[in-house]
Amino acid sequence: MSIQTHAYTGSETDSGAVAVRAVGLTKVYGADRTAVRALDGISVPFAAGRFTAIMGPSGSGKSTLVHCLAGLDTATSGRVLLGDTDLTSLGDTELTLLRRDRLGFVFQAFNLLPTLNAEANVLLPLRLAGRTVDPAWFDEVVGILGIQDRLTHRPSELSGGQQQRVAVARALINRPEVIFADEPTGNLDSRSGGEVLALLRASVRELGRTVVMVTHDPAAAAAADHVVLLADGRLAGEIADPTVDTVIDHLRRLGD
Amino acid sequence: MRGVIVAGLRAHLPRLGLTGLVVVLSVGFTAATLMLTDSLDRARIDRLADTVAGVDLTVLAATGEYLDEAAATDVAGIDGVAAAAPRREVGVKTVDPDGRIDPLSSARLSAVPDDAELAGLALTEGRAPAADDEVVLDTRTAARAGVEPGETFAVAAMDSGAPAELTVVGLVEPPSPTRLDPELYATYGGVGRLAEPAGADRVDLRLEPGTDTGQVRAELAALDGADRVLSGGELAQLVADRSALTGGELRLPLLMLGAVSLLVAAFVIANIFRILIAARTRELALLRTVGATRRQVLRGLLAESVAIGIAGSVAGVGLGAVAALVTATVIDSGPGRAPLVVSPSSVVWSLVVGVLVTVGSAVPPARIATRVSPLAALHTVPDGADSRTVGRVRAGSGLLAMAAGALLLIAGAGPVSPDTGLVAVVVGAAVCFLGLLVLGPLVVPPLVRALGAGTARLAGAARSTAELATGNAVRNPRRVAATTAALLIGVTTVAGFVTVAESSRGSVDVVVDGQLPADLVVHWAGEGDVPAGAVRAIENLPETGAVAETAGGGLAVDVPDGDDGEAARAAILEATHDLQELSVESLVDRRTELNEDLDDAVNVVLGVLALALVIAFIGIANTLSLSVHERTREIGLLRALGLTRRQTRILLGVEAALMGAVAAVLGTAAGALFAWAAVLSVDELVFVVPWGLLALSAVVAVALGVLASLVPGRRAARTAPVTALAAE
Ligand SMILES: Nc1ncnc2c1ncn2[C@@H]1O[C@H](COP(=O)(O)OP(=O)(O)OP(=O)(O)O)[C@@H](O)[C@H]1O
Ligand SMILES: [Mg+2]
């Protein structure tokens, strides 16, 4: 375990390939006197094949960062690189297709379309692309997530934990380069939350995916390989191989 | 509570504005109909009154009896009478453009006095008739017959048929824009040549200024053959009463068509309210939890609808007045045209109907909204879904109405006597259709699904978009049923109407051909049969084929195949140039003429029904834009997951097209079925299915749906993916 206490500069980590990277990313909401700098020239890489958690006080820009990295929102300046692709240079349609084909999402709530059953929700990104699913892969994903017997249910007939599992299955189904999750366990009790975290971990360990997750929960962050700390739209530190204690310790120091 | 209502109104102003527009359009049509017909009536009455404006007193003969000419001389001798003139009207036949007496024509020839004040002729050209062989025509008749002042125009007495040549000396404006009966004026002597028996039907008087009317009246009453003595005002009223009023003829059909628009509007308004109230469920629930009673909330919602109803109706009356003024000016530009007549009753009726329809449509959704428990409402996110099942009462009453309607339809089409048959069909169609509307929430979603399943054969991405659209369309059975219903009413009316019209057209052919398998018909307007010499002359013409006598005393004339009959027609006219009572009619022309009349009627009715379609169009656009608003997060999620802007627009387009298609399928089927029963109930008609027109109206319905999706589709496509993630 290594803890850097000085201001983190965003230099490259030692773990090899980078899946997605922010370079001098700035996001300003509003204009003039009411302007809010949600991201303030942040540069940070996210290693491929790793599970990274983003932490920081409320309003520090975690969601904004993830939205910009995932091409859900456009930055005011700076660049986002997904592999070799510069997201900030893409038009809306290209960005949409990129999200559909190369990224996966798990949100805190409202992950599923109410009119579709679980199976259709899982297959949605593929269907939107007009592709068919490889049945073996579908069975594997559904099997890992344990939602085989819930496939014909509508979201309103599923518990919160089950809904999040379906969302994780959907995020995995198109074998994305990166899965983004914004407080995926925020609405769940600790047991269901733990299960979802285990699934995200398993996607990294067993399926080789890259996961970037925003969380407020030190226990959830401890499930990750790496923690990135944010404050006031800037990088405020990094924790490799986090444990619950080190995470709490860092957060306390950030608050001072 | 009032503050809350005003805030609510302001927050939803754009949507409510559309509701108001629907009210404005439908009320506007009703108001325009009432004001237009009133104005046309008034113009005609004013003109008729003008023709007798110079008359102070008149003596009428009893019906069927006549005053002899000496009576007029006697009257003129009474103290204080400045002028007296005998009047007489006879029905006559006029000549066709060939200059031959048209046996089917019917014109009114009136005697006008020499005394200019009593004559009351509003000449646009020339002068009043002075000699017995002079005549004044209305401009429309002159144009149709192709005669100008200085030329001659022949008329024939209704019964005897002997033609009289008259020289046209002047023209007057036609008395009414929509009545086609020709109006002719001649001297008393001139009319007398065609009057049988002779005599005056009334004597008009002008009095010296300051004369004691009572005294003159008493002397007139004692006159031999006098039935009644009327003042000038009473005479004007009598003349107006006797003439069929133009407006009255137009009013009923127009109001019936207007009712279609009102019905469509009611569905659209109810739907908009339903969605708006659903969107505000939380706001309303919050009001309830902080202590507003159910009654207060209901009153608040209804107050909103009253406000919209009043505002929309007032604007509608204004719009209607403008439309009536423009229409009245276009169809009646003659002199003495009355200004726009805005009677209190037209205004009051339009306002009452507008407010009642608006408030009535708002009541059911408002009541449903207030029944939701405050806590339940606070915990739901409105997503447009409606899990309530369709009640048994609704299903039962809908089925019952459809069955009863169907029985009436069958009875009307078949066994019932022809008189009551059509009535039975009309009532049956209305009841049956009502049943269909009641069953809408049960019938429409499965149809949408079935049509949506038809898209399953599409490949790839298009298919998933279509599937999503189907799911969206059926998520709220009541809403999709109501949205579709608005369009359904329009399509059914149009389909039924064009089918009846096309059957009438087909029947014209069948009847004309069936009665007379010939190309030309020779009519004889004189007494007895066509003179034998003329028959022989026609038979001997090289241009004619077989000649046979018809039941009506005329001749049916065949011409060789491939000939349009024009040569034969000219030859017959040439061979009979001295027989003005003989006219030649081409069945091709007859058919064309009948069909043109039919076309005119069809165009007017379709124009009016277009209003209903416009209102339904607004309804679809509005429903879609409201549901886009409701589904902002969902659309954002789809956009996040990879739905492109183009796919988003297609999604909305397919959703609207599915509703349009269901309205097209149901409406075309229902309209054609009702038309079939109506046609069968009338003996002379044969049923013709206008496939092309029905297909066209179906395509228009789908196209309207797709068009209606353009604006909401664009809005949906602009939804940023992050909106899905935004905290509430
Ligand atoms: N759409 C927006 N318009 C204006 N300001 C915004 C918007 N979204 C976020 N912000 C502001 O940007 C800053 C960062 O917001 P962000 O949502 O990224 O924080 P966060 O770290 O995710 O907070 P939390 O832990 O509460 O989710 C905050 O000050 C927030 O008020
Ligand atoms: Mg956040």
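In the predicted model, helix H5 of chain A is largely enclosed by the rest of the structure, because eleven of its 14 residues are buried. The buried set in H5(A) consists of Gly161(A), Gln164(A), Arg165(A), Val166(A), Ala167(A), Val168(A), Ala169(A), Arg170(A), Ala171(A), Leu172(A) and Ile173(A). The cover over these residues includes strand S6 (103-106), H3, helix H4 (135-145), strand S7 (178-182) and helix H6 (190-205) of chain A, together with helix H22 (632-641) of chain B. H5(A) runs over residues 160-173, and its end C-alpha atoms lie 20 Å apart, which agrees with the 20 Å that its 14 residues should span at 1.5 Å a residue. After H5(A) comes Arg175(A), which has a positive phi near 45 degrees.

The contact between the two chains draws on 26 residues from chain A and 24 residues from chain B. About 2,200 Å² is buried between chain A and chain B, and carbon and sulfur atoms contribute 70% of that area. Three salt bridges are found across the interface of chain A and chain B. In one salt bridge, the side chain of Asp92(A) meets that of Arg639(B), at 3.0 Å from N to O. Five residue pairs are in polar contact between chain A and chain B, with both residues at pLDDT 80 or more. On the side of chain A that touches chain B, the elements giving two or more residues are helix H2 (92-102) and helix H3 (118-128) of chain A. H2(A) supplies the largest share of this side, with six residues. By residue class, the side of chain A that touches chain B comprises 14 nonpolar, six polar and six charged residues.

Gly642(B) is located in the loop between H22 and helix H23 (645-681) of chain B, and its relative accessible area of 0% places it among buried residues. With neighbours within four places in sequence left aside, Gly642(B) is in contact with Thr96(A), Arg100(A) and Leu128(A), as well as with Gln647(B). The C-alpha atoms of Gly642(B) and Pro721(B) are 9.3 Å apart in space, while the two residues are 79 residues apart in sequence.

Within chain A, Met213(A) belongs to strand S8 (residues 210-214) and is buried, at a relative accessible area of 0%. Beyond its neighbours within four places in sequence, Met213(A) is in contact with Phe51(A), Thr52(A), Ala53(A), Ile54(A), Ala181(A), Pro184(A), Leu197(A), Leu200(A) and Ala220(A). A separation of 21 Å is found between the C-alpha atoms of Met213(A) and Val142(A), which are 71 residues apart along the chain.

Chain B contains 25 helices and 15 strands, and 51% of its 728 residues count as buried. Among its contacts between residues at least 6 apart in sequence, 84% join residues at least 24 apart. Thr484(B), in helix H18 (residues 477-515) of chain B, counts as buried at 2% relative accessibility. Residues up to four places away in sequence not being counted, Thr484(B) touches Val444(B), Met659(B), Val662(B) and Ala663(B).

Over all chains, the count of salt bridges comes to 23. In chain A, one of them joins the side chains of Arg191(A) and Glu195(A), at 3.7 Å from N to O. These two residues are four residues apart in helix H6 of chain A, so Glu195(A) and Arg191(A) are separated by about one helical turn. Glu195(A) counts as partly exposed at 29% relative accessibility, whereas Arg191(A) is exposed, at 65%.

In chain B, the side chains of Arg87(B) and Asp204(B) meet in a salt bridge of 3.2 Å, N to O. Because Arg87(B) lies in strand S2 (residues 81-87) and Asp204(B) in strand S10 (residues 202-207), the pair ties together parts of chain B that are 117 residues apart in sequence. Both Arg87(B) and Asp204(B) are buried. A further salt bridge links Arg631(B) with Glu655(B), whose closest N and O atoms are 3.0 Å apart. Glu655(B) is in helix H23 of chain B and Arg631(B) in the loop between helix H21 (587-630) and H22 of chain B, so this pair connects parts 24 residues apart in sequence. Both Glu655(B) and Arg631(B) are buried. Finally, Arg37(A), Asp40(A) and Arg234(A) are joined into one network by salt bridges that share partners.

Methods:
Residues numbered from 1 in each chain as written. Chains lettered and ligands numbered in written order. Heavy atoms only, no water. Contact = heavy atoms within 4.5 Å. Buried area = accessible area lost by both parts, 1.4 Å probe. Salt bridge = Lys/Arg side-chain N within 4 Å of Asp/Glu carboxyl O. Polar contact = N/O pair within 3.5 Å; in protein donor to acceptor, adjacent residues only side chain to side chain. Nonpolar A, V, L, I, M, F, W, Y, C, P; charged D, E, K, R; others polar. Expected span 1.5 Å × (residues − 1). Buried < 20%, exposed > 50% of the residue type's maximum accessible area, 1.4 Å probe, protein only.
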